[in-house]
Amino acid sequence: MKKILITCICLGLAGVFAFAISWGVINFNKVKEGMSGTGVYTEQDLNKAYEDGYGNGIKDKAEYLILIDEYRNTITTLNDTISQLNFQVNTLNNTNKDYERQVDSLKAQKVVLETEVLNLETNIANNNNTISGLNSQITNLQLEAEKVPSLNSQIANLQATSLQLQAVNNSNAATITNLNNQIISLNNQISEMSSLSQNAGSQITILNNRINELQATVSYYESYISQLENAEKAVATYEVDGTVWKIEILNKGTVIDLATPTSTETKIFNGWKVDGQDELLSDTYTLNINTKFVADITYKHAVKFMVDDQVYDNQYVVENESAIIPTAPVKADYEFLGWSLNGVDIVENIDTKKVEQNITYQAIFSKIHTVTFMVDNQVIATQKVSNGKCASEVEVKLDENTVFGGWMINGVIVDLSSYQIDSDILFIAEILYNDFVLDYISSYPAFLDSNYIWTDGEKYYYSNGTIQYVLDKETDTWSEKTWVGLKGLYGNYIWTDGENYYYSYGSSKHYVLDKETSTWSEKTWITLTNFTGENIWTDGKNIYCSKLSLQYVLDKETSTWNVKTWTGKTSFYANSLWTDGENIYYSGGTTQYVLDKETSTWTKKTWTGLTKFDAVDIWTDGENYYYSNGTTQYVLDKETSTWSEKTWAGFTSFQGRYILTVGNNYFILSPSYSYIWNTNDEKWELYIFTLSEVTSVVVKGVWTDGNNLYSTVSGITSVFNKTTNKWEFAYKSSAGNGEYIWTDGENYYYSNLSKQYELDKETSTWSEKTWTGLTKFDAVDIWTDGENIYYSSGTTQYVLDKETSTWSEKAWLGLMDFDGEYIWTDGENYYYSSGTTQYVLDKETDTWSEKTWTGLTSFYGNYMWTDGENYYYSNLTKQYELDKETSAWGEKTWTGLTSFSAGDIWTDGENIYCNGYKLVKRAGNE
């Protein structure tokens, strides 16, 4: 009986032991699931597995060792997984290094191209300085050419050198454009490689975090093996940034001093927390059970601001907070545009952008060029203008006998408001002399610029400095307008607050208009006193002034400008804003925003079809909104924000900035053409406004076909109506300027080097002309001896066979090297005059003999002219009259106009004109 009882007790104990072992293994399997990623392991699970396994049945040493082996097998599996992950990390690191090498190579290519661009820009600047110097020399030499004959050849050489340098500049500018396109391509590649590198870096970070997590798990299991071997011990595990930093195995009940990890610039240690709790611990802790202490850390990321690859500012920013924008860097001869991540696009929201990783910004600069304005060989102003921007208008003060005609580059008038500056440049004023003080002639066909047209709500005005007109809409006639208080005003500086009209130009000119009396009175503004009218805009409620970071809103009652704060975009120009009738947008190239007026917030705007455009060329016909920039023509679908290509009839290449709306009519008014929209035929048609009086004629464009008098400028031909004394539009053609038109006595031709045309007078059509023997020549060197037509340019000498259109080489005697532009006649003989080189032609023998003059011995034939009876020489201040019988030149005194050149004189067959004035003959004097 006793033996049976003992057996039952043993079986019971075995069952209890088996149950305890099973319970420990079950909990251990749960922990292993957490280690393999299929379950969740916690400190509580580990402790329970340990306490259940150890306290309820692991008494047998063999079973105890089996359980430890299970733990060690799990550790081996984890270490294998860690090895595999480390292999993936190494592979990604190698790939990332390859990306970095490619990026370094691309950056090196970019540096080479940028250096080449800088060198070319320097060459252009140097050439422009040389050209400016040469032009100044040419001007001075032309004034002295009559005194020293050799100066004429110097002038020719300098002009040739200037043209060559200009050609080099044009070639360099084209090369710069090509190189800049390559740089943009490299920037895109660098951006793409950097993105790939960042992606690889992110994967590496994820894998490293996983490895750290698994290694921490291994450390936990190793510590628990120690616990199984010594039940009186407890484990203190310290975890920093997801990684086991330190492990201590101590006797239960030990009071420990918590260790302190070292803080760095990017990681600041705040204290310890027990895993799963929120409160920071004190400096000591009583260890009774296995405990994990987790470091509370404030993370910071490095934000660098680089200027030309040098660290300009370095910040450590708390994660998810924003960096502080440093003071804008200053670089000599450059304008700072902003900070960029990819070297191209400006980041606008640095001060609100959350920092989540290390960031490096690059400073973006734009070259600043020096723009010089010269009047009568005197510099009156200089400006510093960023590359690609336009210079500002400069006021030109002249006396009552002169008129400012515009700014010239190499003798060609340019529009300051659209001429983009890409190098140091010199603008020279064209000065028109109004000294004849006789009778005005009537209108020359002027093409108005819509930028200078404005309205006071009732009438339309044209204001371009000294030129002031008012429009009669019924007759489409512009008449001169007289203002009181302010005379030299420009239409693009006029603005309204909805009640009054103002003129604002810089710090000195601020006026308000009294419409009833046409009087401008000085206006005083508060806070903001230096601004221009072109920077004023409205959202329908308020009036704003926007010029880059200068942002103001107007209090109309007090005439006070208050600082305005915008969100999203804080720096912009008013001329980059436009509206579709509902919303207000900012459009500056690829930068596109839309305004929330209630919150004053600008958010990025996405367009479809057309993504890169500027607001200045947006316009509306009252129903639709269009974008026009040359041949790029689009119409907007407002509902879908989609731009679709637009096809116009009649005229297909124009810019929206030149669109003008007058009542129900729409005009394109540019400095070189004008069109009106025909709503019935739905096409653009050429259109001419009538000007009641103007004071300048482009003399070099005037020519005749034997019947009528024409003026051809930039392909636009106008005919002079002698009955009304007005110039009227005739036609538009391929011919450039009238100075290149000539006649063989029957037909009329246009010759400008390689461009050769012939005129059909009946249809006013110019057709291409083919010559034989001589195919490239300029009309300026064609002349006649009254019988034959000749071409003379240096040693190139030809005579024309009109019947076969053939030019044959011509041999002269006595003079074999001369230019046709210096040939002239006194009505009987033909002469060649080039400085001190003076010859007369014997037509029977084709021989040139030296000619001696009296009174004037050194002069040029292209300054000769006749009033039909007498022959004169006019070269600015030098005025002479010829006595043909004695070959003597006597000084000539004119009344009213004492300084003019023969190049400014033309005739309609009856009257003689100079600079827009008619010569009136009086008794004794002209």
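Me: Of the contacts between residues at least 6 apart in sequence, how many join residues at least 24 apart?
Reply: In this chain 53% of those contacts join residues at least 24 apart in sequence, where a contact means heavy atoms within 4.5 Å. Please keep in mind that this is a predicted model, in which local features need pLDDT of at least 70 and side-chain atom pairs count only at pLDDT 80 or more, while totals for chains, interfaces and linings use all residues. Residues are numbered from 1 along each chain as its sequence is written, and side-chain values use heavy atoms, with hydrogens and water left out.

Me: What does the secondary structure come to?
Reply: The chain has 4 helices and 68 strands, both taken as DSSP runs numbered from the N terminus, with helices being H or I over at least four residues and strands being E over at least two.

Me: Which strands make up the open sheet, and in what order?
Reply: The open sheet has 4 strands in the order S38-S39-S40-S41, and their pairing is antiparallel; two strands count as paired if DSSP finds at least two bridges between them.

Me: And which ones stand at the edges?
Reply: Strand S38 (659–662) and strand S41 (683–686) do, and because each has a single partner strand, one side of each is left without a neighbour in the sheet. On average, neighbouring strands of this sheet are turned by 30 degrees against each other, direction ignored, with axes that are lines fitted to C-alpha atoms (for helices over the stretch in contact) and angles that run from 0 to 180 degrees between N-to-C directions.

Me: Over how many bridges do S39 and S40 pair?
Reply: Strand S39 (residues 665–669) and strand S40 (residues 674–678) pair over 3 bridges in the antiparallel sense, and Phe667 stands opposite Ile676 in S40.

Me: Changing topic, how many salt bridges are there?
Reply: The count comes to 10 salt bridges, each being a side-chain nitrogen of Lys or Arg within 4 Å of a carboxyl oxygen of Asp or Glu. One of them joins the side chains of Glu458 and Lys515, at 3.9 Å from N to O. Glu458 lies in the loop between strand S15 (453–455) and strand S16 (460–465), and Lys515 in the loop between strand S22 (509–514) and strand S23 (519–522), so this pair ties together parts that are 57 residues apart in sequence.

Me: Are Glu458 and Asp617 buried or exposed?
Reply: Glu458 counts as exposed at 56% relative accessibility, whereas Asp617 counts as buried at 1%; buried means under 20% relative accessible area, exposed over 50%, and partly exposed in between, using a 1.4 Å probe and protein chains only.

Me: What does Asp617 form a salt bridge with?
Reply: Its partner is Arg657, and the closest N and O atoms are 3.0 Å apart. Arg657 lies in the loop between strand S37 (654–655) and S38, and Asp617 in the loop between strand S32 (613–614) and strand S33 (618–620), so the pair ties together parts that are 40 residues apart in sequence. Arg657 is partly exposed, with a relative accessible area of 22%.

Me: Which residues does Ser546 touch?
Reply: Leaving out residues up to four places away in sequence, Ser546 touches Asn535, Trp537, Gln551, Phe572, Tyr573 and Ala574.
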